[in-house]
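Student: I have a new model to read. Can you take me through it step by step?

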Amino acid sequence: MSRPVSPVPPSSLSREVAAAGSELHLAERGRELDRTPEFPRREFRALGERHLLGLRTAIGHGGRGLALPDAAAALHGLAYASGTTFAKLVLQPEFCSLLTEHGSAEQRRETFRALTEGRTLVGNHITEPGAGSDAGALSTTARRDGEGYILDGTKSEAAFAVDADSAIVYAQTEASGVTAFLVPQDAPGVDRTLGAPDLGERWMRRGTVRYSGVRLPASARLGPEGGAFAALKDELTRERLLLAAIYLGVGRASFDETVEYVGARAAFGRPLSAQQGVAFPLLEDWGRLDSGWLYVERALARLQAGDDVAAEAALAKRMATDTALLAIDHAIQFHGGRGYSSGLPHERRYRDVRSGGIAHGPSEVLLRTAGGRLWPRPERGRSG
Ligand SMILES: Cc1cc2nc3c(=O)[nH]c(=O)nc-3n(C[C@H](O)[C@H](O)[C@H](O)COP(=O)(O)OP(=O)(O)OC[C@H]3O[C@@H](n4cnc5c(N)ncnc54)[C@H](O)[C@@H]3O)c2cc1C
């Protein structure tokens, strides 16, 4: 039996990321965080010190300034070795590009650079009890008050609800639409509650944040009033493609382990791999994982060259999530009783990747986004 060759090109960066992963024991730590959820500050800081947070982020902003396909290959490798947790940590600066593109010099220096160094954690507060997928329907408000604003509303489902040091909060500003603000989480009027434990990605410790009469200076605003969603368009495209790379990496790990296992495990007098009922689904996984990666890589290369690939990014995340979940499900099935147990990594990988169908745009909403390319319609809203 020879293992299928991965379509993801090895590089000096992926070797460096792999070395950091084994020095910091990220695979073991990921398992521990599932059992005892907390924000992994020590590892976040250690990744920052190694300049591994914000792989694509410009060097001037504290990142590595890598080309998108190189960053994606490194994230795929990290997810392959240790699951979604640390690959998503590496992506944190990517979720806060409004700070570099619209933040003040102080916000870039004090917050964004500290984020790329793993010294501060910035949340994103979009979803509300009454509006998630349809982010244009947000009801949190930021009322003008002299030179500044007063923020009122409730944000729900938020990752790092009680752990973030600051958050980018999306609110309606008078008649102009949705505007983003950087809000310190220790400001008077901010009340944070941890939610019920999640199916997976438990280290994110999601919950609810209430803003009651929170006073913000005008300098807290990121970009023009009403400009939040336009400003986010490029970030969403990048993050969806990079998340797709992560999910494919996790699915690939379960696939490789299963190929090896079914080649060695005998039942009914021959290896499981000799049963077409076992081999055929795995062969289809192989094709889907390889072609999924090639699709992501091509979309990233086109994005790097300046093309609009928002529709492809939406499709890539949707397809990568489904591809990875199916491959991991096959891993659970073909490892039999052990596959269903937390003694093997597949069940945790399944729980972690399952969030991909909801967070950063639910799967159906991604299809809606992609459909806008084929059948153009006015866009409204963003999904967190
Ligand atoms: C692990 C995780 C981390 C998250 N982190 C954050 C965070 O940090 N900050 C934040 O703001 N939010 C966060 N979220 C919330 C997430 O962004 C929202 O849950 C998501 O946008 C969906 O919004 P909703 O929950 O209100 O679902 P709803 O909008 O009520 O939709 C429910 C479901 O209906 C379906 N649906 C919705 N619209 C359509 C449509 N037009 N066509 C067909 N089907 C549709 C989808 O299946 C969707 O999942 C996180 C969620 C998860 C799971």
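Tutor: Start with strands. Two strands pair if DSSP finds at least two bridges between them. Helices (H or I, at least four residues) and strands (E, at least two) are DSSP runs, numbered from the N terminus. Here, the bridge partner of His 125 is Val 169 in E4. Two notes before we go on. Residues are numbered from 1 along each chain as its sequence is written. This is a predicted model: local features need pLDDT of at least 70, side-chain atom pairs count only at pLDDT 80 or more, and totals for chains, interfaces and linings use all residues.

Student: In which sense do strand E1 and E4 pair, parallel or antiparallel?

Tutor: Parallel. Strand E1 (residues 122-125) and E4 share four bridges. With strand E5 (residues 177-184), E4 pairs in the antiparallel sense, over eight bridges. Ala 171 stands opposite Thr 179 in E5.

Student: How do I read the two faces of a strand?

Tutor: In a regular strand the side chains alternate between the two faces of the sheet. Now test burial. A residue is buried if 20 or more other C-beta atoms lie within 10 Å of its own, exposed if 12 or fewer, and partly exposed in between; C-beta atoms are placed from the backbone. Strand E4 (residues 166-173) has eight of its eight residues buried, so it is largely enclosed by the rest of the structure. One side holds Ser 166, Ile 168, Tyr 170 and Gln 172, and the other holds Ala 167, Val 169, Ala 171 and Thr 173.

Student: And how do I describe packed helices?

Tutor: Two packed helices are described by the angle between their axes and the distance between the axes. Axes are lines fitted to C-alpha atoms, for helices over the stretch in contact, and angles run from 0 to 180 degrees between N-to-C directions. H4 packs against helix H8 (residues 228-264) at about 35°, with the axes 7 Å apart.

Student: At what angle do helix H4 and helix H9 cross?

Tutor: Roughly 145°. The axes of H4 (residues 68-82) and H9 (residues 276-304) come within 8 Å. For residues, contact means that C-beta atoms, placed from the backbone, lie within 7 Å. Leu 68, Pro 69 and Ala 72 in H4 meet residues of H9, including Val 296 and Leu 300.

Technical notes:
Two residues are in contact if their C-beta atoms, placed from the backbone, lie within 7 Å.
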